[in-house]
Amino acid sequence: MAEQQEKIFQDKVDHEIRIEPKDWMPDQYRKTLIRQMSQHAHSEIVGMLPEGNWITRAPSLRRKATLIAKVQDEAGHGLYLYSAAETLGISRAEMIDQLHSGKTKYSSIFNYPTLTWADIGAIGWLVDGAAIMNQVPLCRASYGPYARAMIRICKEESFHQRQGFEILLTLSKGSEEQKRMCQDAIDRWWWPAVMMFGPNDESSPHTKQSVAWKIKRFTNDELRQKFIDVCAEQVHILGMKIPDPDLKWNEQTKHYDFGAINWDEFWNVVNGNGPCNKERLAARIKAHEEGAWVREAAIAYAEKKKRKEKVIA
Ligand code: 3HC
């Protein structure tokens, strides 16, 4: 029976028929979706912290309003993704507990500090740029709720990337000090952004299966290469440099060759020893604890409303 169900399931995936919450699915498919979607949601929520750090220090009202809008968007992205993950049978509370206990991950990139205003530009251009590269294919993921959540998210991501690039473009046309600030931010955010795509394909335990199940439409290395190829061209508009002496156009492959990635740094950050890991998790736990009264009030209100409706009915 299970074999037959497995075959029907894979046929649907192979024929681009979306898998919906009520459909039969292999346990492992469900597990890997819960793993990836909950960690994606965590990344969106934790990702608010490094940027939120500059809302009170934005250099103008326009920059402040844009940054507030972006950070609010990230919160919404997290909520869409938690809701989409809940369709697989895991509760929001469970996912939040897993984040706070360190049982599940969030993107390594958010464990780096935002030292100057230019970092907000570098995050928009590079981090949201990398997120778009990885998220646009997810709009075609085989699991319906995930793919649909991604469509709305990707529309907002392009605004995020553009506003970041515009911040850097403005700085790149400014004083010598502003140009130095711009290049310094690119220097510090470039390699962590390249690492966002995950380990090389040969050392990725999930990629092969996720591609077979069309959760991933491209492998980590394929998306990383697309990202590098795009940024290697865009950086000329800024008049800045990408901090990789091995970055060079390869006429044979029609891609940019690039330098070695520091995988020790990557795994060090993923395993909790990055510059801001402890601070990020402490901030999330504190916000969750301080927000308990809001959740309790909302639940009490909803229960009171339900009792009232019962009496009237
Ligand atoms: N940071 C932290 N952990 C990472 C990572 C990263 N950049 N890249 C990989 N890992 C982890 C994986 O989670 C996995 O650990 P696990 O088994 O405990 O979950 C392990 O390293 C092996 O990696 P794999 O490549 O085999 O794992 P995946 O197949 O899950 O691929 C991924 C990793 C490419 C991040 C994939 O999960 C994915 O595409 N996720 C959805 C997109 C996403 O989460 N993006 C994160 C940023 S969101 C963002 O930037 C928001 C924007 O608005 C700023």
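Two notes on the source come before the details. Residues are numbered from 1 along each chain as its sequence is written, and side-chain values use heavy atoms, with hydrogens and water left out. Because this is a predicted model, local features need pLDDT of at least 70 and side-chain atom pairs count only at pLDDT 80 or more, while totals for chains, interfaces and linings use all residues.

I start with the ligand. How many residues surround the ligand? There are 33, and the closest are Glu-74, Lys-105, Ser-204, His-206 and Asn-220. A residue counts here if one of its heavy atoms lies within 4 Å of the molecule.

The side chain of Glu-74 has an N or O atom 2.7 Å from an oxygen atom of the ligand. For Ser-204, the distance from a side-chain N or O atom to a ligand oxygen is 2.7 Å. For Asp-128, the corresponding distance is 3.5 Å. On its own the ligand has 990 Å² of accessible area, and the protein covers 91% of that. Accessible areas come from the Shrake-Rupley method with a 1.4 Å probe, and for residues only the protein chains shown count as cover.

Next, the helices. Helices are DSSP runs (H or I, at least four residues), strands are runs of E (at least two), and both are numbered from the N terminus.

Helix H6 covers residues 117-135. H6 has 19 residues and reaches 26 Å from its first C-alpha to its last, close to the 27 Å expected. The expected span is 1.5 Å times one less than the number of residues. At Ile-123, H6 bends by about 35 degrees; the bend is the angle between axes fitted to the seven residues ending there and the seven starting there. Is H6 mostly covered or mostly open? It is mostly covered, with 18 of its 19 residues buried. Buried means under 20% relative accessible area, exposed means over 50%, and partly exposed is in between (1.4 Å probe, protein chains only). At the start of H6, a side-chain oxygen of Thr-116 comes to within 3.1 Å of the backbone nitrogen of Ala-118.

Helix H7, residues 144-172, has 29 residues. From first C-alpha to last, H7 reaches 42 Å, close to the expected 42 Å. H7 bends by about 25 degrees, at Ile-153.

Helix H2 has 20 residues and spans 28 Å, close to the 28 Å expected. His-42 lies in H2, which runs over residues 27-46. His-42 is buried, at 0% relative accessible area. The side chains of His-42 and Thr-104 are joined by a polar contact of 3.1 Å. A polar contact is a pair of N or O atoms within 3.5 Å; within protein, one must be able to donate a hydrogen and the other to accept it, and residues adjacent in sequence count only if both atoms are side-chain atoms.

Now the cysteines. How many disulfides does the structure hold? It holds zero, where a disulfide is a pair of cysteine sulfur atoms within 2.5 Å. Cys-182 is in no disulfide, and the nearest cysteine sulfur, that of Cys-231, is 13 Å away. Cys-182 is buried, with a relative accessible area of 0%. Cys-231 is also buried, at 2%.

Two lysines have positive phi. Lys-214 has a phi near 55 degrees, a positive value in a residue other than glycine. Lys-214 sits in the loop between helix H9 (207-212) and helix H10 (220-238), and at 17% relative accessibility it counts as buried. Lys-254 has a positive phi of about 60 degrees and is not a glycine either. Lys-254 is in the loop between strand E1 (248-250) and strand E2 (255-257). At 45% relative accessibility, Lys-254 counts as partly exposed.

Last, two residue pairs. Ile-285 is in helix H12, residues 277-290, and is partly exposed at 26%. Ile-285 and Ser-101 are 184 residues apart in sequence, with their C-alpha atoms 9.4 Å apart in space. Lys-306, in helix H13 (residues 292-312), counts as exposed at 56%. Lys-306 and Ala-84 are 222 residues apart along the chain, and their C-alpha atoms are separated by 25 Å.
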